[in-house]
Amino acid sequence: MHDSTPDTTQTNNIYGGLVSAQGLDLDQFESIQTQVQAWTTEAGTGVKFVEARGLPIVDVVLRFKAGTVQDTAHSGLAALTLYMLDEGSHQYTAAQQAEHLERLGAIFEKQIRLEHATLSLRSLSTQAVLAPAMALFTDLVAHPAFLSSALDKIKRQLLQSSASRERRAVLRARSEAFRHLFSGHPYGCPLGSTEQGVSAVTTDDLRTFHQRAYSASNLEMVVVGDLSLAEAQALSRQISQALPQGWSATDLPTVPAAARATLHVEQPGASSAVLLALPLNVPANDPQFPALVLASDVLGEGLESRLMVELRQRRGLTYGVHTRVSPLRAGGLFTAEWEVAPAHVQGSQELVVTLLRDFIEQGPTQAELQVARKQLEGQLLRGVAQNKRLAALLTELTHQRQPEDHLNTYIERINQLTPADVRAAVQRHLDLSYTVQVSVGPSVEQQPLPAPDQ
């Protein structure tokens, strides 16, 4: 978008004046004061707690280092173990577990990712509800029955889910990028399950995996809500003592160097999913990581981001284009994703690479950086405003090994970053010679891109 007044502090480019930033006081940042208390239980569980008395609710999140990267025996073992936890324990059947949770009004959720398996419980804080809900939650996590009849059902569901994910063009593009970038590494199987691996898993495999991966010393716990410190400590001790003891996941091997590639997956459809990925071996607690997050926001977060302006507003190529930085313990990646008419796959890929190259060379403008800061500030303020979001945020920050004062200092730290800082970070960590481009859709004759602003 154009500004009639040139920005004399910037090189001459179309990004010098953002209309959406005009009239806003983008220098006024709110501060966050969230008191996070931390301790380690006798069994080795790290715990983070925030006392929040506004609502009579308690959120408990358990994150085990039990993600799909731990599938050393069979691909699918980690996912099957997690999904079997609410299929009955030694004390209750699956139907009884579900009935008790519903009667108490408690909400149980579970999720598997590359590096972790996460279970959460949301309950009213009154002891008449919280005590039985926590007892049920603890029993479910610590003492699963692993019945063979339930395993057969969960295997079918997992394979159906994996097949469905592969049919979704966007998810298939991500999978192909991971397979190439992390070939030979545990990250290289992002779905975490194969038909052969799932079929081979037995109930004995589940018990062995659970005894290791669901141990107290392999757990990070977050508690947020209407509890005192003493009550939160008692709650964490109750869960920690009930779990298997004495095993912790080792750090993953370093990600191997990846080669540049252009990959295409043939799939029918009216549009193509396109993904550009770059290796980004920068942990989230690295001092330069916030600058990379800001860079990603400038490039592909919101209607005024560079890629959105060029691909959507000026050329009408796509409904949305998004960038993100994904930190992983042993590596990570920067991605840009968009959907486009099949005839414009190649042209849009070339345009995005050109825009990235320009950004790496020039960095952001001051106006772009201010808008990105406000977006990040807004995300963080929304994250700490609700107990459930705060619990999820604290869980992620713990996994990233962020310092204890991260929440309260993050806005100040991103406010101190200059365009030169962001430019230096992207020049150091984003190397287009390692670009991996993936498209999923039908093969058609490629057409030149429409002229901008027509």
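Trainee: What is the relative accessible area of Arg-401?
Mentor: This is a predicted model, in which local features need pLDDT of at least 70, side-chain atom pairs count only at pLDDT 80 or more, and totals for chains, interfaces and linings use all residues. Residues are numbered from 1 along each chain as its sequence is written, and side-chain values use heavy atoms, with hydrogens and water left out. Buried means under 20% relative accessible area, exposed means over 50%, and partly exposed lies in between, for a 1.4 Å probe and protein chains only. On that scale Arg-401 is partly exposed, because its relative accessible area is 44%.

Trainee: Where is Arg-401 found, and what is its phi?
Mentor: Helices here are DSSP runs of H or I with at least four residues, strands are runs of E with at least two, and both are numbered from the N terminus. Arg-401 lies in the loop between helix 13 and helix 14. Although Arg-401 is not a glycine, its phi is positive, at about 60°.

Trainee: Is Phe-146 buried or exposed?
Mentor: Phe-146 is placed in the loop between helix 3 and helix 4 (148–167), and its phi is positive, about 55°, although it is not a glycine. Its relative accessibility is 2%, so Phe-146 counts as buried.

Trainee: Which residues does His-90 touch, not counting those up to four places away in sequence?
Mentor: His-90 is in the loop between helix 1 (77–84) and helix 2, and at 65% relative accessibility it counts as exposed. Its C-alpha atom is 10.0 Å from that of Leu-147, although the two are 57 residues apart in sequence. Taking contact to mean heavy atoms within 4.5 Å, and not counting residues up to four places away in sequence, His-90 touches His-143, Pro-144 and Ala-145.

Trainee: Why do the buried residues of helix 2 lie on the same side of it, and what covers them?
Mentor: The buried residues of helix 2 (residues 94–104) are Gln-97, His-100, Leu-101 and Leu-104. They lie on the same side of helix 2 because they cover an arc of only 100° around the axis, the arc being that of the directions from the helix axis to the C-beta atoms. On the other side of helix 2, Ala-95, Glu-102 and Arg-103 are exposed. The cover of the buried residues includes strand 4 (107–112), strand 5 (117–124) and helix 3 (127–142).

Trainee: How are helix 9 and helix 12 placed relative to each other?
Mentor: Helix 9 (residues 289–300) and helix 12 (residues 366–385) pack at about 105° with their axes 9 Å apart; axes are lines fitted to C-alpha atoms, for helices over the stretch in contact, and angles run from 0 to 180 degrees between N-to-C directions. Angles under 35 degrees count as roughly parallel, over 145 as roughly antiparallel, 65 to 115 as roughly perpendicular and the rest as oblique. Helix 9 and helix 12 are therefore roughly perpendicular.

Trainee: Which residues have the most contacts inside the largest nonpolar core?
Mentor: A nonpolar core is a set of buried Ala, Val, Leu, Ile, Met, Phe, Trp, Tyr and Cys residues joined through side-chain atoms within 4.5 Å. The largest such core has 57 residues, and those with the most contacts inside it are Val-224, Leu-276, Leu-294, Leu-311, Phe-334 and Trp-338.
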